[in-house]
Amino acid sequence: MNRRYATHADLGGQRGHGRITPEPEGELFHAPWEPRALALTLAMGATGSWNIDMSRAARETLPGYARCSYYEIWFEALCRLLAEHRLVWPDEAAAGRALHGSPAVARTLRAADVPAVLAMGSPTARPAATPARFAIGQAVRMHGGDVPHHTRLPRYVRGKRGVVEHVHGTHVFADAHALGRGEDPRWLYTVVFRGSELWPGPADAGEAAALAVSVDAWEPYLEPA
Amino acid sequence: MELRVRALETVLTQKGYIDPEALDVLIDTYQTRIGPRNGARVVARAWTDRTYREWLRRDATAAIASLGYSGRQGEHMVVVENTPTQHNLVVCTLCSCYPWPVLGLPPTWYKSAPYRSRAVREPRGVLAEFGVRLAADTEVRVWDSTAEVRYLVLPMRPPGTEGLDEDALAALVTRDSMIGTGLPLAPPARAR
C-alpha cells in the first residue's frame with residue numbers, strides 16, 4: 001500500500017506564520033556549525049550518491065521540518081540520505097567514527113576542484129525530443145489534487161487557471177528525478193496567475209487586485225483550460 | 001548540533017567521502033567571493049549600458065556569465081525588471097531556491113515560513129515589514145522559483161544618480177533590492 005506522501009515544505013499561501021525578521025546583508029551564519037553543515041551537504045552532493053531532487057524530498061518530508069532551522073533541516077536530511085544509502089549508519093554518526101564498511105562513492109570533491117565544480121553547476125536543460133504542447137499566451141489549468149510523491153507543483157496553484165508566459169525548453173523533470181526514474185526531461189513553462197484567481201476570498205481582495213504570481217511548471221502539471 | 005556536525009564530518013573524512021579542505025574552500029567561497037556584490041555589478045552595468053540591459057533581458061545567463069558569475073544555483077537565470085507600474089518580488093515557497101552566483105547564500109528570512117507563506121498572498125504586507133511602500137496602482141508580480149530557473153530583480157535606477165559611475169551605482173544596490181523586498185539606496189547628497 002502506498003503511504004500518502006507528506007511534505008511539510010509547501011508553505012505558499014498558508015496563514016499564521018507571523019512576521020518576517022529582516023537581516024543585514026553580511027549575516028550568513030548564526031552558529032559555527034552552520035557553514036560546516038552547508039559544506040558537508042554540498043560536498044556529499046558532489047559525490048553523486050543522490051541528486052538535488054532526492055535531497056529536497058528528504059528535507060521536505062522530515063517529521064521535524066516545521067521546528068527546525070534551515071541548516072538543521074539540511075543536516076538532518078543529510079544524515080537521513082547517508083543512512084538510506086548505507087554510507088553512514090546512525091551508530092557511526094553518533095559515535096563520530098567509522099564502525100562499518102565504506103561503500104564506494106562515484107567521486108570525492110577535492111579542494112582544488114571546488115571552484116571549477118561550482119562554476120559549472122548542474123544545468124538542467126536538455127535537448128527536446130517532442131514539440132511543446134503549449135504556447136505563449138495559451139490558457140492552462142494546473143493539475144488538481146494530491147501528488148503522491150515529491151513534486152514542484154505548489155498546492156496554492158493546483159486546479160487554478162493561468163496563462164503561459166514563457167517557454168524555457170525541456171528540463172530534467174523534478175518529480176521523476178526525485179523518484180530515481182532518471183531525468184525524464186519535460187517542457188518547462190512559466191505560468192502566470194491573477195491574484196484574484198489564486199485568492200478569491202474577500203479578505204484577500206485588497207492585495208489580490210494588483211497582484212500576479214507565476215510558477216515554473218513542467219508540462220505534466222498542465223492541461224488546456 | 002555543534003558536536004553532531006563535527007562527528008559526522010569525522011566519519012565522512014575517515015570513509016574518504018569528503019576532503020575537509022574542500023569544505024574550507026566551499027565556506028570561504030560563499031563568505032568572501034560569491035555574494036550580493038556580484039549582483040550589484042550586474043545591476044550597475046544594466047543601469048549604465050543599454051546594450052547590456054537588452055542582453056540581460058534576452059539571455060540573462062550569458063549576460064551575467066560575461067561578468068564572471070555563473071554556475072551552481074544560477075545555471076538558468078532570468079532578470080526581471082522593475083518599472084513604475086510593476087514591482088517584482090522573488091520567493092521559493094517550496095524550499096530556498098535563490099540565485100547563488102549573483103546573491104550568494106540566502107538570508108534566513110528568505111528560507112523562513114513567514115516569508116515563503118506570505119509572499120505569494122500578501123506581498124504588500126511583506127514589503128511593509130521591510131519598510132517598502134509601493135504606489136497603490138503599482139502591480140506586484142511575484143516569481144515563485146519552483147524549478148531550476150533563478151530570478152534576479154533589476155531595480156529602477158534611483159533619481160539623482162546621473163553623474164555616478166558604475167562603482168558608485170553598485171554601492172547603492174542592496175541585496176534586498178535584487179530580491180524585491182527592498183529598493184536601492186538614495187545617492188549620497190553631494191552626488192545630487
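Reader: What stands opposite A:Leu211?
Author: That's B:Val140 in β3(B). Bear in mind that this is a predicted model, where local features need pLDDT of at least 70, side-chain atom pairs count only at pLDDT 80 or more, and totals for chains, interfaces and linings use all residues. Residues are numbered from 1 along each chain as its sequence is written, and chains are lettered from A and ligands numbered from 1 in the order in which they are written.

Reader: What makes β5(A) and β3(B) a pair?
Author: Two strands pair if DSSP finds at least two bridges between them. β5(A) and β3(B), residues 139-144 of chain B, have five bridges, in the parallel sense, so they pair by that rule.

Reader: How do you know which residues belong to the contact between chain A and chain B?
Author: Residues are in contact if their C-beta atoms, placed from the backbone, lie within 7 Å. On that basis chain A gives 73 residues and chain B gives 68 residues. The largest share of chain A's side, nine residues, comes from α1(A).

Reader: Why are 42 residues on that side of chain A called nonpolar?
Author: Because Ala, Val, Leu, Ile, Met, Phe, Trp, Tyr, Cys and Pro count as nonpolar, Asp, Glu, Lys and Arg as charged, and the others, Gly among them, as polar. The rest of that side divides into 16 polar and 15 charged.

Notes
Two residues are in contact if their C-beta atoms, placed from the backbone, lie within 7 Å. Helices (H or I, at least four residues) and strands (E, at least two) are DSSP runs, numbered from the N terminus.
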